[in-house]
Amino acid sequence: MKNNEIPYKIYLSEEEMPKAWYNLRADMKNKPAPLLNPQTGKPMTEAELAVVFCDELVKQELDDTTAYIAIPEDIRKFYRMYRPSPLVRAYCLEEKLQTPAKIYYKFEGNNTSGSHKLNSAIPQAFYAKQQGLVGVTTETGAGQWGTALSMACSYYDLDCKVYMVKVSYEQKPFRREIMKTYGASVTPSPSMDTAVGRNILAEHPGTGGSLGCAISEAVEVATSLEGYRYVLGSVLNQVMLHQSVIGLEAKAAMDKYGIKPDVIIGCAGGGSNLGGLIAPFMGEKIKGKADYRFIAVEPASCPSLTRGKYVYDYCDTGKVCPLSKMYTLGSGFMPAATHAGGLRYHGMSSTLSQLYDDGYMEAVSVKQTSVFEAAELFARVEGTLPAPESSHAIRVAIDEALRCKETGEEKTILFGLTGTGYFDMASYEKFHNGVMSDYVPTDEEIATSLSRLPQIDE
């Protein structure tokens, strides 16, 4: 098939949309380690998790045997508002780079929330409503998850309380106001509203916060209010399950035109978008049906995979959540106030951590000025302004394409464009003004944080 026979954008029909989420854990040879109760050190039970999470989501969280879980029709109805999302051939970027590589990206920014987060926000709000709850609490980094959840809660008439990482609350006021437009309350974290927040502020006065801090506050509030549960936008198995619609659609679109990617790249913070993008491809690799190269891209300022330790750790800074076995920098690690707020998490999904430890996936870290250079190039030639988080994947996709230019290899590259950056202009402004820094934690800083890990006998 000639290049010009493949359209710029490949769309599936509504009938071709996934009817079931793909649970990658069912096909993994080594299952992710279970969540542990921090008090007992034993695996969390369904009853214990149900105190924090919605009942149906707990079942999805613990299910590592069912390969396909049906998507309720009410959720598919909402998905149809913005899905299937397009698979785009980056012809202009290829031409600009003068590379023999073929570059594709799955674009998840074609909805009001501006990112992939709506794929999981809708199911989580749906199950909360189905359970008869009054509302939900959550954290958000750059604000994409908070925006998506506020939309979903508005649709299902649920109260939504969002704890937003303080540095992002200050850097991204417009995303904050969108959440309020959809009826959510938004609190900068850490705050004085919770015991956890007050403790964190006492230990780290003036901190810009982290996702781990915000998670602790949201969980505290959810467990103290009748009729509320906590919902999370990344990291958990249930979230990657919902995000598998990204990979399922991408693979279906590529199969339609006989395209097979050699390299699949995604940005990695907690792991939801990367896990969703690679899910069906990784399933094939595990079963020996096909081979792919997977690359997780994380910020050099918060390098959990590339410089972290694979151990049990708290999922949150306040140490009120279960323990998860993951690549971590330590739950007390406070990332620098970088502009990719959605990637400022101290750990990585237990599923992706297991796959990385088993050698199925690679990981690289990149500095933010390099990331914004790639973002600007992409915006100029492809016409879409990418989110800082997504731009980590763009950076490495460009690097891979340039490597193909050097070697003459005609590889096919697929990356996830998780969202748009139109509410991130303060970050772009700092880049353009030359005042953006490349903070990289020292070995001593990481070692100090890791020295505080909980002691768990495995």
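Tyr310 and Tyr327 are both buried. The model is predicted.

**Aromatic pairs and clusters**

- The model holds 18 aromatic pairs.
- Phe53 and Tyr230 make one of them, a tilted pair. Their centres are 5.8 Å apart, with 45° between the planes.
- Phe53 sits in the loop between α1 (46-49) and α2 (55-62), and Tyr230 in strand β9 (residues 228-230), so this pair ties together parts 177 residues apart in sequence.
- Phe53 is buried at a relative accessible area of 9%. Tyr230 is also buried, at 2% relative accessibility.
- Tyr310 and Tyr327 form a stacked pair, at 4.8 Å centre to centre and 10° between the planes.
- That pair links distant parts of the chain. Tyr310 belongs to strand β12 and Tyr327 to strand β13, 17 residues apart.
- A cluster linked by ring pairs contains Phe78, Tyr79, Tyr82, Phe126, Tyr127, Tyr155 and Tyr156.

**Lysines over rings**

- Lys325 lies over the face of Tyr310, 4.8 Å from the ring centre.
- Lys260 lies over the face of Tyr292, 4.5 Å from the ring centre.

**The open sheet**

- Seven strands form an open sheet in the order β1-β4-β5-β15-β10-β11-β14. The pairing is mixed.
- β1 (9-10) and β14 (362-366) are the edge strands. Each has a single partner strand, so one side of each is left without a neighbour in the sheet.
- Strand β11 (residues 293-299) runs parallel to β14, joined by five bridges.
- Within this part of the sheet, Pro299 has Val366 of β14 as its bridge partner.

**Helices on the sheet**

- Helix α11 (residues 237-256) lies across β1, β4 (87-89), β5 (102-107) and β15 (412-417). Helix α11 runs at about 140° to β5.
- Helix α16 (residues 388-407) also packs on the sheet.

**Helix α18 and its cover**

- Helix α18 (residues 443-450) has Ile446, Ser449 and Leu450 as its buried residues.
- Seen down the axis of α18, these residues fall within an arc of 95°, so they line one face of the helix.
- Their cover includes α13 (304-307), β12 (309-314) and β13 (323-328).

Conventions: Residues are numbered from 1 along each chain as its sequence is written. This is a predicted model: local features need pLDDT of at least 70, side-chain atom pairs count only at pLDDT 80 or more; totals for chains, interfaces and linings use all residues. Side-chain values use heavy atoms; hydrogens and water are left out. Buried means under 20% relative accessible area, exposed over 50%, partly exposed in between (1.4 Å probe, protein chains only). Helices (H or I, at least four residues) and strands (E, at least two) are DSSP runs, numbered from the N terminus. The arc is that of the directions from the helix axis to the C-beta atoms. Contact means heavy atoms within 4.5 Å. Two strands pair if DSSP finds at least two bridges between them. Axes are lines fitted to C-alpha atoms, for helices over the stretch in contact, and angles run from 0 to 180 degrees between N-to-C directions. Rings of Phe, Tyr and Trp (its six-membered ring) pair if their centres lie within 6.5 Å; planes under 30 degrees apart count as stacked, over 60 as edge-to-face and the rest as tilted. A charge sits over a ring if NZ of Lys or CZ of Arg is within 6 Å of the ring centre and within 35 degrees of the ring normal.
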